[in-house]
Amino acid sequence: MSSTTGGGPGWSPGRRIVLVGPMGSGKSTVGLVLGRRLGLQRLDADDLFVTQHGAISDYFSRNGEPAFRQAEEEVIGEVLSRAEPCVLSLGGGAVLSAQTRDRLRHGSHVVYLTVAEDAALARLNGGLGRPVLAGDPGRTWRRILAERHALYREVSQWTVDTTGRSTEDLATHIIRLVRQAETTTPTTGAVHP
């Protein structure tokens, strides 16, 4: 197996890889490593939103959550309408959109990244800079995850726990899953350690 791709010399997936999961699960960080190792464009839905609409917190404050979710859906839809493979990291709430969930079922390998609460909060600096976690970060994080967990499972082919694992290890594992899926029939919703 090639040390640069984890998928073998010259191998690249035929479909996009999309990472979903709660805040602090590692979607952006793992996405960067996957993109680099596979030689694919790496896109982050939050970054794309900021480029088109400005700071998420400002947009959210000015326009409210429904308008934010609609604009987010449009940003993600534009990427999902492209034919070329890429690595796409979605914001934690992107799966709230039924249209986004439907689009994810076509042409994407979707990986649900999970993480233990304490690890997520450590990665998120205890919620600093995340207004949605203000007050009681742990309780809020658990509530948000509880509201979205079933949606993450609904859209994903695999669930991968990121707790205590390096991004390189996670990227290697995801590349193996995707490569295997492209050479065999995948099992929807499979859980992988």
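This is a predicted model: local features need pLDDT of at least 70, side-chain atom pairs count only at pLDDT 80 or more; totals for chains, interfaces and linings use all residues.

Q: What are the angle and distance between the axes of α1 and α7?

A: The general idea is that two packed helices are described by the angle between their axes and the distance between the axes. Here the axes of α1 (residues 27-38) and α7 come within 9 Å and cross at roughly 60 degrees. The two are therefore oblique to each other, and α1 passes α7 in a right-handed crossing.

Q: Which residues of α7 are buried?

A: In α7, the buried ones are L170, A171, T172, H173, I174, I175, L177, V178 and A181.

Q: How many Å should α7 span, and how far apart are its ends?

A: You take 1.5 Å a residue, so the 17 residues of α7 (residues 167-183) should span 24 Å. Its end C-alpha atoms are 24 Å apart, which agrees.

Q: Where in α3 does a kink lie?

A: Look at G64, shortly before the proline P66: the kink there is about 120 degrees. As for burial, the buried residues of α3 are Y59, F68, R69, A71, E72, E73, V75, I76, G77, V79 and L80.

Q: At what angle do α2 and α3 cross?

A: The axes of α2 (residues 45-53) and α3 cross at roughly 115 degrees and come within 10 Å. That pair is therefore roughly perpendicular. On the α2 side the contact is made by A45, D46, L48, F49, V50, Q52 and H53, and on the α3 side by I56, Y59, R62, F68, A71, E72, V75, I76 and V79. α2 passes α3 in a right-handed crossing.

Q: Now for the backbone: what is phi of N125?

A: Most residues other than glycine have a negative phi. N125 isn't a glycine, yet its phi is positive, near 55 degrees.

Q: Where does N125 lie, and is N125 buried or exposed?

A: You'll find N125 in the loop between α5 (117-123) and α6 (137-155). With a relative accessible area of 55%, N125 is exposed, since the cut-off for that is over 50%.

Conventions: Residues are numbered from 1 along each chain as its sequence is written. Side-chain values use heavy atoms; hydrogens and water are left out. Helices (H or I, at least four residues) and strands (E, at least two) are DSSP runs, numbered from the N terminus. The expected span of a helix is 1.5 Å times one less than its number of residues. Buried means under 20% relative accessible area, exposed over 50%, partly exposed in between (1.4 Å probe, protein chains only). The bend at a residue is the angle between axes fitted to the seven residues ending there and the seven starting there. Axes are lines fitted to C-alpha atoms, for helices over the stretch in contact, and angles run from 0 to 180 degrees between N-to-C directions. Angles under 35 degrees count as roughly parallel, over 145 as roughly antiparallel, 65 to 115 as roughly perpendicular and the rest as oblique. A crossing is left-handed if the near helix is turned anticlockwise from the far one by less than a right angle, and right-handed if clockwise. Contact means heavy atoms within 4.5 Å.
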